[in-house]
Amino acid sequence: MAESQSSATGAGGAGFGEGVPCWVDAQLPDVEAGKRFYGELFGWTFEAGYGASTWAYSEGRAVAALTPKRDGRMPTVWTVYFATPDAFGLAGRIREAGGQVITDPVPVDTYGTVALAADPEGAVFGLWEGGEHAGFERRHEPRSFAWVELYARDTKVADDFYGELFHDSLLGPDAAPDFGRVAIADVFPAEMPPHFLVHFGVADCDEAMGTVSRLGGRIQVLPFEASYGSVAVVTDNQGASFAVLQR
């Protein structure tokens, strides 16, 4: 897959520096229903991707994937994947730092290598070592990935863990971070588990919320001002949470 000018340059993920969010996917009970929901909300079009995944496109460029849940006990969620030039090496560093590797790195044909991990508080994220598929072909624009926020119970634990793993992308001299962290209690009830929340860019938060409601989704958190823009938290009509971000 050709990489667009909107992709970052760097060593990891065949175009994305290590620790940079490079892909997102939603695990859904009904992918066809997901296509209808996100197709109307964001104007996405869809084509078959690798394996059972369906890729979403905005103006002809890949922005996300929808994948069927293999097990009804699995959560209905959006997952963010961080780029790495060495998924096996990063998996080892995650274990050493007190995290957990849920799924060991596995090649996905010639597209890349994927793994699933969790931080010391249990927030789940993916790793992607790009091959033919580097990741996003469009981001930081309306109807594409804009940000991901980690909601943590102990922000010091999060800072230490991710700061060590992804120092260059978060804290290095050329860093332009695509994710941040905040205490769960600042936005959600304290009993909410730690998690990453994927944000998609929109031109108008209020209009997006109206469309989400019309399509059978739900408003979780009304728009609030964050350091990175105006944010509303919603769920789709199958229960996957995400945020819309107006900048």
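**Close-up views of the predicted model**

View 1. Histidine 140 counts as partly exposed, because its relative accessibility of 41% falls between the cut-offs of 20% for buried and 50% for exposed. Like everything in these views, this value comes from a predicted model. Histidine 140 is found in the loop between strand E8 (124-130) and E9, and the backbone there has a positive phi of about 60° although histidine 140 is not a glycine. Arginine 143 also lies in the loop between E8 and E9, and arginine 143, not a glycine either, has a positive phi of about 70°. As background to both, most residues other than glycine have a negative phi. Arginine 143 has a relative accessible area of 30%, and is therefore partly exposed.

**View 2. An open sheet of 6 strands.** The strands follow the order E10-E9-E11-E14-E13-E12, and their pairing is mixed. Strand E10 (179-183) and strand E12 (218-226) each have a single partner strand and stand at the edges, so one side of each has no neighbour in the sheet. On average, and with direction ignored, neighbouring strands of this sheet are turned by 25° against each other.

View 3. E11 and E14, in turn, run parallel and are joined by 3 bridges, where phenylalanine 200 has valine 244 in E14 as its bridge partner.

View 4. Which strands does helix H1 (residues 31-42) lie across? Helix H1 lies across E11, strand E13 (229-235) and strand E14 (241-246), and runs at about 10° to E14. Helix H5 (residues 205-214) lies across E12, E13 and E14, and runs at about 170° to E12.

**View 5. Helix H3 and its start.** At the start of H3, a side-chain oxygen of aspartate 154 comes to within 3.0 Å of the backbone nitrogen of lysine 156. Along helix H3 (residues 155-165), the buried residues include Ala158, Phe161, Tyr162 and Leu165. In an α-helix there are 3.6 residues a turn, so residues three or four places apart point the same way. Gly163 of H3 is buried as well.

**View 6. An open sheet of 8 strands.** Here the order is E2-E3-E4-E1-E5-E8-E7-E6, again with mixed pairing. Strand E2 (45-48) and E6 stand at the edges with a single partner strand each, so one side of each is left without a neighbour in the sheet. From one strand to the next, the twist averages 30°. E1 and E5 pair in the antiparallel sense over 6 bridges, and tryptophan 23 stands opposite tyrosine 81 in E5.

**View 7. Helix H2 and glycine 92.** H2 lies across E6, E7 and E8, and runs at about 180° to E6. Glycine 92 belongs to helix H2 (residues 87-96), and because its relative accessibility is 23%, glycine 92 counts as partly exposed. Between glycine 92 and aspartate 104 there are 9.8 Å in space, C-alpha to C-alpha, while the two are 12 residues apart in sequence.

**View 8. The largest pocket and its lining.** The largest pocket holds about 1,200 Å³ of space. It is lined by 42 residues, of which Asp25, Gln27, Thr79, Tyr81 and Leu116 are the closest to its centre. Which strand gives the most to the lining of the largest pocket? With 5 residues, E5 gives the most. The strands that each supply at least two residues of this lining include strand E1 (21-28), strand E4 (61-68), strand E5 (77-83), strand E6 (100-108) and strand E7 (112-118). E8, E11 and E12 also supply at least two residues each.

Key:
Residues numbered from 1 in each chain as written. Predicted model: local features only at pLDDT ≥ 70, side-chain atom pairs only at ≥ 80, totals over all residues. Heavy atoms only, no water. Pairing = 2+ DSSP bridges. Helix = DSSP H or I, 4+ residues; strand = E, 2+ residues; numbered from the N terminus. Axes fitted to C-alpha atoms, helices over the stretch in contact; angles between N-to-C directions. Contact = heavy atoms within 4.5 Å. Buried < 20%, exposed > 50% of the residue type's maximum accessible area, 1.4 Å probe, protein only. Polar contact = N/O pair within 3.5 Å; in protein donor to acceptor, adjacent residues only side chain to side chain. 1 Å grid on protein atoms, 1.4 Å probe; cavity = no way out; pocket = protein on both sides within 12 Å on 5 of 7 lines; lining within 4 Å. Points joined across faces, edges and corners; volume = space filled by probe spheres on them.
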